[in-house]
Amino acid sequence: MVEIRIATPEDAAAILAFCKLAGAETDNLSFGAEGVSFTVEQEQEFLEYAQNSRERLFLLAICSGKIVGTGTFSAFQLPRLAHRGEISITVRQEFWGQHIGSQLMEEILRFARDVAQARILSLEVRTDNSRAIALYRKFGFETVGTFPGYMNINGENISCDIMWLAL
């Protein structure tokens, strides 16, 4: 049984540890085994802000007391871009295929529509990440282009698809 809930500042250290684990097991993310470059205090501040925000959402997927996935939404702040938001979903490899990504996506879409009142969502995904692309297409996302060399992993340029969804 997986619980989807909003992250709190108390989750900061566990989220940073999750990022290191998830980053170590796949090259599909923008970070590797080093995780993200935030301190626990910085992550706590971000989560405090997100917890009370209508423009940001940070979700956790919890199984047996451990974080097994995350989902985020961030609205753009500039007035000309404020109708848009970016999303991301990360699920630990051992939990792939268990519909956790779909559960996270459903909550992200609900928040984006009902709370943030976003009209367009976008994301970047490795062009060869067929599992993630299938998830995004399931929810109506369409590919609008490919960014060659979006990432560089071990000296290899990796292309990413840019996908969007009109809400």
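Guide: A polar contact is a pair of N or O atoms within 3.5 Å; within protein, one atom must be able to donate a hydrogen and the other to accept it, and residues adjacent in sequence count only if both atoms are side-chain atoms. The model here is predicted, with pLDDT of at least 70 needed for local features and 80 or more for side-chain atom pairs, while totals for chains, interfaces and linings use all residues. Residues are numbered from 1 along each chain as its sequence is written, and side-chain values use heavy atoms, leaving out hydrogens and water.

Visitor: What makes the pair Thr72 and Ser88 a polar contact?

Guide: The side chains of Thr72 and Ser88 are joined at 2.6 Å, which is within the 3.5 Å limit, so the term applies.

Visitor: Why is Thr72 called buried?

Guide: Buried means under 20% relative accessible area, exposed means over 50%, and partly exposed lies in between, using a 1.4 Å probe and protein chains only. Thr72 has 17%, and therefore counts as buried. Leaving aside neighbours within four places in sequence, Thr72 is in contact (heavy atoms within 4.5 Å) with Leu57, Phe58, Glu86, Ile87, Ser88 and Ile108.

Visitor: How many disulfides are found, and why?

Guide: A disulfide is a pair of cysteine sulfur atoms within 2.5 Å, and a search of the whole structure finds zero. The cysteine sulfur closest to that of Cys19 belongs to Cys160 and is 17 Å away, so it is too far for a bond. Cys19 is buried at 9% relative accessibility, and Cys160 is buried at 3%.

Visitor: What makes E6 and E7 a pair, and in which sense do they run?

Guide: Helices (H or I, at least four residues) and strands (E, at least two) are DSSP runs, numbered from the N terminus, and two strands pair if DSSP finds at least two bridges between them. E6 and E7 (residues 156-166) have eight bridges, so they pair, and the sense is antiparallel. Thr146 has Asp161 in E7 as its bridge partner.

Visitor: Why do E1 and E6 count as edges of the sheet?

Guide: The open sheet has seven strands in the order E1-E2-E3-E4-E5-E7-E6, with mixed pairing. Strand E1 (3-6) and strand E6 (142-153) each have a single partner strand, so one side of each is left without a neighbour in the sheet. From one strand to the next, the twist averages 25°.

Visitor: Which strands does helix H1 touch?

Guide: Helix H1 (residues 12-25) packs on the sheet and touches E2 (56-63), E3 and E4 (84-91). The direction of H1 makes about 100° with that of E3, where axes are lines fitted to C-alpha atoms, for helices over the stretch in contact, and angles run from 0 to 180 degrees between N-to-C directions. Thr72 itself is found in E3 (residues 66-75).
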